[in-house]
Amino acid sequence: MVEKRNQLNHLAIIMDGNGRWATQQGKQRIMGHREGMYNVERITLAANELGIRVLSLYAFSTENWARPKEEVAYLMNLPVRFFDKFMPTLMENNVKVNIMGYLDELPSKTYDVVQQAMAETADNTGLILNFAFNYGSRREILTAMQELGSLIEMGQLTSAQIDEKMIAQHLMTANFGKFQEPDLLIRTSGEQRISNFMLWQLAYSELAFSSKNWPDFNKNDLQEFVNDFENRHRRFGKLDE
């Protein structure tokens, strides 16, 4: 048996292609988001079986508010439907829910549901299912800089004391400890960009792209990407030994 080079602890996925999937099926775009919601459960359980510690899913960006109002309203209601339907499964599999983003800007019903999901799963010790919801990485970094600037203004910090570790502690992934940075980023639907997702955290992540739309991305696809990652040669800027 060949020993794997890398351990995949934190997997990030940009779940792209829900609307295109629906269009190809002759359905409304929102039906693609519904099918994508079902696939979140399937891939979460598959990731849990593979021993992945953190699964970060890009669910709604700060730029997505510019989409048609009907689609945005549907997306805002998806967490309500998701946690109502799948919470028993998440609890049964010891999954801990985390939501990162600017949650205070969400509709009150959506806000209440995501807060309840985090509270109900707070004591679970298995996979962390991390949704990026109303999240944008440039804004996240800007917020971190503003927090550090405030500390300087109050005399609690000097600019010379700021280092990479301190910046990371002010990002939304700080509570993941040693798993703050994704080992692997997968984007579905054939697009090959990171779209303002975890720009700081992805500095040395491996990247992979699937031509499949998110609703069609399955457990076998995930396994193939994991196998590929485990055998990649990661140097982190260093020379080969």
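Buried denotes under 20% relative accessible area, exposed over 50%, and partly exposed the range in between, computed with a 1.4 Å probe on protein chains only. The structure shown is a predicted model, in which local features need pLDDT of at least 70 and side-chain atom pairs count only at pLDDT 80 or more, whereas totals for chains, interfaces and linings use all residues. Residues are numbered from 1 along each chain as its sequence is written, and side-chain values use heavy atoms, with hydrogens and water left out.

**Figure 1. Overall view of the protein chain.** The protein chain holds seven helices and six strands; helices (H or I, at least four residues) and strands (E, at least two) are DSSP runs numbered from the N terminus. Read from the N terminus, the order of elements is β-α-α-β-α-β-α-β-α-α-β-β-α. The C-alpha trace spans about 55 × 50 × 35 Å along its principal axes. The radius of gyration of the protein chain is 18 Å, in agreement with the value near 18 Å for a compact globule of 241 residues; this radius is taken over C-alpha atoms, and the globule rule is 2.2 Å times the number of residues to the power 0.38. Of the 241 residues, 49% count as buried. Among contacts (heavy atoms within 4.5 Å) with a separation of 6 or more, 75% come from residues 24 or more positions apart.

Figure 2. Six strands, in the order β3-β4-β2-β1-β5-β6, form an open sheet with parallel pairing. Two strands are taken to pair if DSSP finds at least two bridges between them. Strands β3 (96-100) and β6 (206-209) are the edges, each pairing on one side only. On average, neighbouring strands of the sheet are turned by 20° against each other, direction ignored. For such angles, axes are lines fitted to C-alpha atoms, for helices over the stretch in contact, and angles run from 0 to 180 degrees between N-to-C directions.

**Figure 3. Strand β3, strand β4 and the helix between them.** Strands β3 and β4 (residues 128-135) run parallel and are joined by five bridges. Within this pairing, Ile99 has Phe131 in β4 as its bridge partner. Helix α4 (residues 108-120) packs on the sheet and touches β3 and β4, its direction making about 140° with that of β3. Four of the five residues of β3 are buried, which leaves the strand mostly covered. A further bridge partner in β4 is Asn130, which faces Asn98.

**Figure 4. Helix α2 and its surroundings.** Helix α2 (residues 29-49) comprises 21 residues and reaches 31 Å from its first C-alpha to its last, close to the 30 Å expected at 1.5 Å a residue. That expected span is 1.5 Å times one less than the number of residues. The buried residues of α2 include Ile30, Gly36, Met37, Val40, Ile43 and Ala47. In an α-helix there are 3.6 residues a turn, so residues three or four places apart point the same way. The cover over the buried residues of α2 includes β1 (10-14), α1 (18-24), β2 (54-61), α3 (69-92), β4 and α7 (219-230). Gly51, with a positive phi near 85°, follows the helix.

Figure 5. His33 lies in helix α2. With a relative accessible area of 6%, His33 is buried. Apart from neighbours within four places in sequence, His33 is in contact with Asn18, Arg67, Glu71, Tyr74, Leu75 and Leu78.

**Figure 6. Two non-glycine residues with positive phi.** Most residues other than glycine have a negative phi. Asn94, although not a glycine, has a positive phi of about 65°. Asn94 sits in the loop between α3 and β3 and is partly exposed, with a relative accessible area of 27%. Met198 is likewise not a glycine, and its positive phi is about 50°. Met198 belongs to the loop between β5 (184-187) and β6 and counts as buried at 0% relative accessibility.

**Figure 7. The setting of Glu181.** Glu181 is placed in the loop between α6 (164-169) and β5. Its relative accessible area of 45% makes Glu181 partly exposed. Leaving aside neighbours within four places in sequence, Glu181 is in contact with His10 and Gln201. The C-alpha atoms of Glu181 and Glu191, ten residues apart along the chain, are separated by 22 Å.
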